[in-house]
Amino acid sequence: MGIFDGVLLASDFDNTLLNTEVPRRTGAPVPRLSEGNRAALEYFMAQGGRFALATGRALAAIEKLVDDIPTNSPAVICNGAAMYDFQAREYLDIIMLDEVVSQRCQEVLERFPTTAVEAYPLENVIHAVRPNLYTRQHEHVTHVAVHEDASIMDIPRPMTKLMFEDCHETLMDIRAFLLSQPWIGGYEVFFSDQTLLEMTARGANKGGMVARLAQRLGIEAAHVYCVGDEANDLSMLAIAAEGFAPANCVEAVRQSGATVVARLEQKYR
């Protein structure tokens, strides 16, 4: 028996567990997990705790890195659209976008000519339409090259999520446009970064999937703890018995009531 038996800790990856912001902006190498964080996670798990990644990344963008992260639980990926067991190499739960989302998002691209979109079907390939600077920055930190398509309509369906990439001001306009549509009730729309605006099916968010994970593991809600830094983490911080955030978190996370801890430092490979 360990002191953390029956406890689930779910943590965001980018800019929470690892500082990938500097590499994304500058092209610097992506850092490895710090020895302090590694030791803390190993101690937590040795004492009976269950540790899970809860990331916006799709399978292709996290599978090359997961072997370097000590975990003992399935992961929440695709911003809560899926749960994946890396040991069994299988999806345990999936919430897919509907078939009509492709046409709706193609209209967004036609309205906003500088915007790129990444699309994530279940096949382990990341697709992109009209890739731009922000797409290339994202490729650098994920170590995954996108497959370029002429139109969203050319991308295999169904998909777990879509991600618009542009400057923050343009993405705010896109968000306003999406939220004004009569069909938006079927979707989640949230920022995972100032230059990344994501879209999943309604109910496909980190909070919902972390709750499903806890239920699968037989862990009570009162013993679920979550850590995150961005707007896409708010749903899991809200369902946690206590939420935590690095001091580099966005203001919305700070205002959510999460306990703010040390700032995430940058250490390169």
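1. Let's start with one residue and its surroundings. Once neighbours within four places in sequence are set aside, Arg-38 is in contact with Arg-32, Leu-33, Asp-68 and Pro-70. Keep in mind as you look around that this is a predicted model.

2. Where does Arg-38 sit? Its place is in helix α2, which covers residues 35–46. Is Arg-38 buried or exposed? Its relative accessibility is 15%, so Arg-38 counts as buried, because the cut-off for buried is under 20%.

3. Now try Ala-145, which you will find in the loop between α5 (133–142) and β8 (147–149). Here the relative accessible area is 63%, so Ala-145 is exposed; the cut-off for that word is over 50%.

4. What does Ala-145 touch? Not counting residues up to four places away in sequence, Ala-145 touches Ile-126 and Glu-139.

5. Next, the empty spaces inside. Rolling a probe the size of a water molecule over the atoms shows where empty space is left. How many cavities of 30 Å³ or more does a search of the whole structure find? The search finds two.

6. The largest cavity holds about 270 Å³ of space. It is lined by 25 residues, and those closest to its centre are Asp-14, His-138, Ser-192, Leu-196 and Glu-198. Selecting these five is a handy way to find the spot.

7. Which elements give two or more residues to the lining of the largest cavity? They are α1 (21–26), α5, β9 (159–165), β10 (187–193) and β11 (196–201). The largest share, three residues, comes from α5. Sorted by class, the lining of this cavity has eleven charged, eight polar and six nonpolar residues.

8. The second largest cavity has a volume of about 70 Å³. Its lining includes Ala-58, Leu-59, Ala-60, Cys-78, Tyr-91 and Thr-160. Also in that lining are Tyr-120, Pro-121, Leu-122, Glu-123, Asn-124 and Val-125. Both α3 (59–62) and β6 (116–121) supply at least two residues of this lining.

9. What classes of residue line the second largest cavity? Nine are nonpolar, two are polar and one is charged.

Terms used. Residues are numbered from 1 along each chain as its sequence is written. This is a predicted model: local features need pLDDT of at least 70, side-chain atom pairs count only at pLDDT 80 or more; totals for chains, interfaces and linings use all residues. Side-chain values use heavy atoms; hydrogens and water are left out. Helices (H or I, at least four residues) and strands (E, at least two) are DSSP runs, numbered from the N terminus. Buried means under 20% relative accessible area, exposed over 50%, partly exposed in between (1.4 Å probe, protein chains only). Contact means heavy atoms within 4.5 Å. On a 1 Å grid over the protein atoms alone, a cavity is a set of points where a 1.4 Å probe fits but cannot get out, and a pocket is an open set with protein on both sides within 12 Å along at least five of seven lines; lining residues have an atom within 4 Å of a point. Grid points are joined across faces, edges and corners, and a volume is the space filled by probe spheres set on the points. Ala, Val, Leu, Ile, Met, Phe, Trp, Tyr, Cys and Pro count as nonpolar, Asp, Glu, Lys and Arg as charged, and the others, Gly among them, as polar.
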